[in-house]
Amino acid sequence: MPVNLTANAIPAIIAGDVNSKPVVQVLDIKLIGAAADRYGLLISDSESSQQAMLAAQLNDRVKTGRVRKTSVIQLIEYICTTVKNRKIIVVINMETIIPECEIIGNPKVLVESNFGAQKAISNGISGSAIFNNGNLSAQRSGQTSFANSNNLSSLNSGNSMQSYPPAIQPAYQPPPNYKSHGTIMKNEAPARIIPIAALNPYQGRWAIKARVTAKGDLRRYNNSRGDGKVFSFDLLDSDGGEIRVTCFNAVVDRFYDKIEAGKVYMISKGSLKPAQKNFNHLKNEWEIFLEITSTVDLCPDEDNTIPRQQFSFRPISDIESAESNSIIDVIGIVIAVNPSVLILRKNGMETQRRILNLKDQSGRSVELTLWGDFCNREGQKLQEMAEAGFSPVLAVKAAKVSDFTGKSIGTISSTQLFIGPDFAEAQTLREWFDQGGKDVASQSISRENMPVGSKSEIRKTVSRIKDEGLGRSDKPDWITVKATITFIKTDSFYYTACPLMIGDRQCNKKVTRSGNSRWQCDRCNQEFEECDYRYLLQAQIQDHTGLTWVTAFQESGEEILSCPAKELHMMNEEADDTRFSEIIRKCLFTQFLFRLKIKEELYGDEQKVKITVIKAEKVKHSAESRYLLDLISKFRSS
């Protein structure tokens, strides 16, 4: 199939053209870079050839064979930049026209002069060109000629050396994109606005127009180079591209007060560096670092083409298989809101923590831990709505997955919470919940990691724990039992715990009194005035087939007694027997659905089966009736 390449495309691009979208041919492809993570090309317009480099997002085009040697391609987005005193064409976007064809024309390699004109020197390419330490050598009919940066030689089909005098070509003059501004000095023309996805460190001048979707707190630090301060904000453009921008020290003073979440800005003159994925969850391999010379200009007119936020929601059931510390977006119905409590971090600073529970159509629920200001802002509003009997929809942008005790999620500095948002996913969830979803039982994936399809989804009676020898295999058994609490030990229902934070989790190890009446944690190797009190509840549960002893720790203890362990401890210490007895009496002879973990453990020299309450829910008679009717239907059909 005959094809015409765009005449003079190479010298035009080198001279500054970015709009002609030329058709060129790929003469050679090779991995380049220290990590061999980029592809270098040699491209031709049939008369001239030039080195080029693919942007990282186009690597798959080569890996899948859509672009290969002799392919004819159209450059959609591209820019010419200087790398180590050499002109390189960076291909940002492109389309393949013909996957493979014969070499077109007799292309020559362009070498830039000191004055910007282009010297064209023939290299007689009819085979493939090879990148070698930044220099170009050519093959013709399987024979190789080598070139350094100042001199190129070639072999013709008769193996005789033939030199070509340099042919001077006029530099391409691109049409001006600005006018009536007087004389424009070099590099003072307005930078071209490009998509965030097209940003790369090899571009000279660029500008992006994007909305600030999140603004981080101002943080101070101290290291070997002294004190400093830093803040970051996230950007989203009309093409859905996202990138993080970071400012340090004097740059913080210049831009911190100027940046507002939700506003649209024009940003240019920053440097791009690889994103630190330990702290940056955005889907971009680069991060912008602003400098003193950077410009950040507010766009006064609202741009409706740029969304206010971009979500990638995952159902709660997917969190079970998500990696710890990964960052995800979640949307769910708030079904429980716990009070905010003060937590002492390991560095001695206090912070607040509040735990919520979310559920969705996937049949799972999960704990969401709010930290710091989230507790009083969104957390307080959610608590008031819950106390009024309303279960709102909550969308969580950038929640961090934890597997400390089962799978849960928590807020980080870049997390955003949206209460009752107005978009399709929220409306669908609201309708599901109001039309019966609120009565659908959901299994919690928090506290303990209970695998999907495990025995936790199968009801068993108390007697079958012993009859089937549950817990005596290598792995624990998980079951659900409907039973009544008949007895609770009240002489030792709690333990004293370390309140310090390790990362985003409380230590919770048992602490003891030191000689000076302070509490001491051997794990954290610190002392403190106040300790935490956590449940270690021993209870007897019974159904129509038998009874057994179970152990309930902090969260499940609160679910059973509906009272914090510290508060119950204070009642016991102050000899408030009336209130203490009333709380214990209320939960006795109450039916619960207990989710149990059963595992044989070694106590001294004796093996004993330990039964731990992972979740305790009071029996909801409407949901229980539906469960029994479903069992009856299955029994009849079988």
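Tutor: Arg534 is buried, with a relative accessible area of 9%. Here buried means under 20% relative accessible area, exposed means over 50%, and partly exposed is in between, with a 1.4 Å probe and protein chains only. The model is predicted, so local features need pLDDT of at least 70 and side-chain atom pairs count only at pLDDT 80 or more, while totals for chains, interfaces and linings use all residues. Residues are numbered from 1 along each chain as its sequence is written, and side-chain values use heavy atoms, with hydrogens and water left out.

The side chain of Arg534 forms a salt bridge with that of Glu555, at 3.8 Å from N to O. This pair links distant parts of the chain, since Arg534 is in strand S35 (residues 532-543) and Glu555 is in helix H9 (residues 554-561), 21 residues apart. Glu555 is partly exposed, at 26% relative accessibility. A salt bridge is a side-chain nitrogen of Lys or Arg within 4 Å of a carboxyl oxygen of Asp or Glu. Helices (H or I, at least four residues) and strands (E, at least two) are DSSP runs, numbered from the N terminus.

By the salt-bridge rule, the count is 23. One of these joins Arg585 and Glu582, whose closest N and O atoms are 2.9 Å apart. These two are 3 residues apart in helix H11 (residues 577-587), so about one helical turn separates them. Glu582 is partly exposed, at 36% relative accessibility. Another salt bridge joins Glu468 and Arg464, at 2.7 Å from N to O. Both ends are partly exposed: Glu468 has a relative accessible area of 37%, and Arg464 has 34%. Salt bridges also link Glu242, Asp329 and Lys397 in a network.

Aromatic rings come next. Rings of Phe, Tyr and Trp (its six-membered ring) pair if their centres lie within 6.5 Å; planes under 30 degrees apart count as stacked, over 60 as edge-to-face and the rest as tilted. This rule gives 15 aromatic pairs. The rings of Trp432 and Phe433 are 6.4 Å apart at their centres, and their planes are at 55°, so the pair is tilted. Trp432 is partly exposed at 21% relative accessibility, whereas Phe433 is buried at 7%. Phe487 and Trp549 form an edge-to-face pair, 6.0 Å from centre to centre with 85° between the planes. Phe487 lies in strand S28 (residues 477-488) and Trp549 in strand S36 (residues 546-553), so this pair ties together parts 62 residues apart in sequence. Phe487 is partly exposed, with a relative accessible area of 42%, and Trp549 is partly exposed with 36%.

Trp549 also has Lys489 over its face, at 5.4 Å from the ring centre. A charge sits over a ring if NZ of Lys or CZ of Arg is within 6 Å of the ring centre and within 35 degrees of the ring normal. Arg377 lies over the face of Phe374 in this way, at 5.2 Å from the ring centre. Elsewhere, Phe493, Tyr494, Tyr533, Tyr535 and Phe580 form one aromatic cluster.

As for the whole, the protein has 12 helices and 38 strands. Of its 638 residues, 46% count as buried.
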